[in-house]
Amino acid sequence: MILSCSNISKAFGSEVILENISFHIEEHEKAAVVGINGAGKTTLLKIIIGELPADSGNVVIARGKTIGYLAQHQDLESSRTIYEEVLEIKRPLIQMEERIRQLEKEMKHVQGDALESMFSEYSRLNHQFELENGYAYQSEVIGVLKGLGFGEDEFEKKVNTLSGGQKTRVSLGRLLLSNPDIILLDEPTNHLDMESIAWLENYLLNYKGSVIIVAHDRFFLNRVVKKVIELDRGHSQVYLGNYDAYSQKRAMLRQAQMKAYLNQQQEIKHQQEVIAKLKSFNREKSIKRAESREKMLAKIEVLDKPTEVNDAMHIILEPRTESGNDVLSIRNLSKSFGPLKLFSHVDMEIKRGERVAIIGNNGTGKSTLLKIIMDRLPADMGQIRPGTKVHVGYYDQEQQVLHQEKTIFDEIQDEYPDMDNTRVRSVLAAFLFTGDDVFKQISELSGGERGRVSLAKLMLSEANFLILDEPTNHLDITSKEILEDALNHYTGTVLYVSHDRYFINKTATRILELTGKTFIQYLGNYDYYLEKKEELTRVFTGQEIAGTDKIPGKVSDPLAGLTVKNTVGFTGAEREETAASENKGRVDWKAQKEEQARLRKRQNDLKKTEDAIHCLEVRDGEIDELLTRPEIYTDVAKLVELNQEKEKLTQELEELYAVWEELAQEE
């Protein structure tokens, strides 16, 4: 074990963020910390590295082990170049190499003991230099920089001139090259394109140390981690396996918790009904039985109702009208910025009902294409023609569709003036804006909050063609899952840009990869893209089909043929599977009928018992009334007869109460 967290608790004022969080990390283990925004993931990382004190609990790091941390936001103000800044992490090796070179020069001019002493130091340093891979440190630095998306032409850029995302990549490069025993990464994929994320995945998979990752990139987590630590309402739960395994186990656990809760609630209700019935008999023994049951009921530890986090935000995307079959047609589209050509001669068709994902590296022109379609940027040449009855809804990753000076409430009401205040508040509540939150200015909101406002506007638009630019940016995993579900149930058409591979895999019916200033088409989701990428790229670039004319920019799929299952007939295996399914259905039907018959018999027996009890109680009451009459209590023979009948009634009632209680207990 290299790291242990025991009963970590942290509160800010009256708000408890973490409560008794416990887990451990083994050497070489890769783990993820997941949870909704605000669950305390970053707070936990800061407590582990000592940047924040815990209110209680302990963090223990194995003796002699080093730890490194990448925060979400970096504020590097270095005047060094990118290459110099990252190379600086290798300063001990650089100094060692300088000393080795110095010794080589000095040894030429000394003899005797001085030479022997220098040679001893030279041998020791050379051995150490080789052990620490000193001969490859420069190529290692270059490899990491390129892997993180920096071209060699960017190596000489000054760090203090870089964007926030570029500074984060520089810091990530420094951290990886420092080789700590434990790496803590807070949203490391936020500023990386797909190729860089794939490179980082492979780097971390082969990393010899331990890694703890906070990330919303589920595809990334699926590949890298083998343990998931979930933070939920202040508490933690540890799951072994990757993200998919965690997601399945979490669903099963919550389903079991909900079943246990509902079963307990049903049992409590049932016991309360039995107690009420026993008391209604108004007999000493039945009242004692009721009191005994009440005591048992009071000792039950009542389970809390599990809260399903997926119920937090509600998105329902529904078009008002249906568009024509041809939703968007693009012909001969080209765009450049000065000498930088993004794409040229692009032809594209979008059909009704498709969910088309545009992917590619940063800076290739994906968002630019959407802005041209939305008439927010001019094309250099080409035609864009929307289909009939097409009504567009646009989601902008830069949130420029929002008005910074407006409140959230005004942003919605000004766009939809026919909505009354109650309806506006109801919609905003569905996107987690309640109370006075609705009067916050757009300019004061976080990226995730602005994203939710944009999604609310998108839902209200009732558009039949959604154009989305990085819709999952700033959304936590739960919100992404809710958006995925909404898009998969949406009956309109979707064209979107995303680098979220898990999201693409769940929602896309077609992928267009923007690479080499053109588009390559894949008729499937991200798994299909990975399967066919190398093959299609070779074919499309003419490496396998010599002499084939290639037109830059044409959306093309040379291997568009897909394997279609024959649905006309059945194979032998399919017939066996169908027969087995039908046989299982018959068994299930028989069991269901038997259970229904058992329940009907129980209800009939219960009713007969209650009717018998009622009759005996009526007769018991009549005897009590008779015994008060003078003509009865003065007639000894009649008095004895009625008392004997009453004793017999009491015995029969006690037996019937026991039978009723037993029947009432049956499920």
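How many of the eight residues of helix α1 (residues 41-48) are buried? Let's look at a predicted model, in which local features need pLDDT of at least 70, side-chain atom pairs count only at pLDDT 80 or more, and totals for chains, interfaces and linings use all residues. Residues are numbered from 1 along each chain as its sequence is written, and side-chain values use heavy atoms, leaving out hydrogens and water.

**View 1. Helix α1 is mostly covered.** Helices (H or I, at least four residues) and strands (E, at least two) are DSSP runs, numbered from the N terminus. After α1 comes Gly 50, with a positive phi near 85°.

**View 2. Six strands build an open, mixed sheet.** Their order is β5-β6-β7-β3-β8-β9, where strands pair if DSSP finds at least two bridges between them. β5 (67-70) and β9 (235-240) stand at the edges with a single partner strand each, so one side of each lacks a neighbour in the sheet.

**View 3. β6 (residues 182-186) and β7 (residues 210-214) run parallel.** Five bridges join these strands, and Leu 185 stands opposite Ile 213 in β7.

**View 4. Glu 462 has a positive phi of about 55° although it is not a glycine.** Glu 462 sits in the loop between α14 (447-461) and β15 (465-469) and is partly exposed, with a relative accessible area of 33%.

Note on methods: Buried < 20%, exposed > 50% of the residue type's maximum accessible area, 1.4 Å probe, protein only.
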